Amino acid sequence: MYLGITPSITNWSPAGDEFSLILENNPLVDFVELPDNHSSLIYSNLLCGVLRGALEMVQMAVDVRFLLDTLKGDGVTEIRMKFIRRIEDNLPVGEE
């Protein structure tokens with residue numbers, strides 16, 4: 001919602017702990033061109049960090065990575081998310 005886009009959620013794993021977010025339009029790449037010598041750069045990797053950080057705030061550890069990127073000529077942007085574990089609060093003794 002923050003970027004004005006709504007991703008599609010697809011490609012669920014059989015275990016139900018992994019899925020893909022498909023972005024038809026990625027506003028972060030509207031005015032960007034990668035130079036030939038930096039073609040391996042994942043420019044929108046910021047989105048992976050935002051998703052990972054937001055889920056850590058609600059006690060979920062996840063692995064987030066790019067699979068497809070429109071900046072590199074793919075038709076859509078695909079971000080793969082995998083649930084790793086639930087983060088347990090570790091409070092010091094005597095504090096609750």
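This briefing describes strand pairing, salt bridges, the nonpolar core and aromatic contacts in one structure.

The model is predicted: local features need pLDDT of at least 70 and side-chain atom pairs count only at pLDDT 80 or more, while totals for chains, interfaces and linings use all residues. Residues are numbered from 1 along each chain as its sequence is written, and side-chain values use heavy atoms, with hydrogens and water left out.

**Strand pairing**

- Helices (H or I, at least four residues) and strands (E, at least two) are DSSP runs, numbered from the N terminus.
- Two strands are said to pair if DSSP finds at least two bridges between them.
- Strand S4 (residues 77-86) pairs with strand S2 (residues 18-23) in the antiparallel sense, over 6 bridges.
- Within that pairing, Met 81 of S4 is the bridge partner of Phe 19.
- Strand S3 (residues 60-68) also runs antiparallel to S4, and 8 bridges join the two.
- Here Glu 78 of S4 is the bridge partner of Leu 68.

**Salt bridges**

- The structure has 5 salt bridges, each defined as a side-chain nitrogen of Lys or Arg within 4 Å of a carboxyl oxygen of Asp or Glu.
- Arg 65 and Glu 18 form one of them, at 3.6 Å from N to O.
- This pair links distant parts of the chain, since Arg 65 lies in strand S3 and Glu 18 in strand S2, 47 residues apart.
- Accessibility is classed by relative accessible area: buried is under 20%, exposed is over 50%, and partly exposed is in between (1.4 Å probe, protein chains only).
- Arg 65 is partly exposed at 33%, whereas Glu 18 is buried at 13%.
- Glu 18 also forms a salt bridge with Arg 80, at 3.1 Å from N to O.
- Arg 52 is partly exposed, with a relative accessible area of 45%, and Glu 56 is partly exposed at 34%.
- Through shared partners, salt bridges join Glu 18, Asp 63, Arg 65 and Arg 80 into one network.

**Nonpolar core**

- A nonpolar core is a set of buried Ala, Val, Leu, Ile, Met, Phe, Trp, Tyr and Cys residues joined through side-chain atoms within 4.5 Å.
- The largest such core has 11 residues: Ile 5, Phe 19, Leu 21, Leu 23, Leu 47, Cys 48, Val 62, Val 64, Phe 66, Ile 79 and Met 81.
- S2, H1, S3 and S4 are the elements that give two or more residues to this core.
- In soluble globular proteins, nonpolar side chains tend to be buried together.
- Leaving aside neighbours within four places in sequence, Val 64 is in contact with Cys 48, Leu 51, Arg 52, Ile 79, Arg 80 and Met 81, where contact means heavy atoms within 4.5 Å.

**Aromatic pair**

- Rings of Phe, Tyr and Trp (its six-membered ring) pair if their centres lie within 6.5 Å; planes under 30 degrees apart count as stacked, over 60 as edge-to-face and the rest as tilted.
- The count comes to 1 aromatic pair.
- Trp 12 and Phe 19 form this tilted pair, at 4.9 Å centre to centre and 35° between the planes.
- Trp 12 is exposed, with a relative accessible area of 51%, whereas Phe 19 is buried at 18%.
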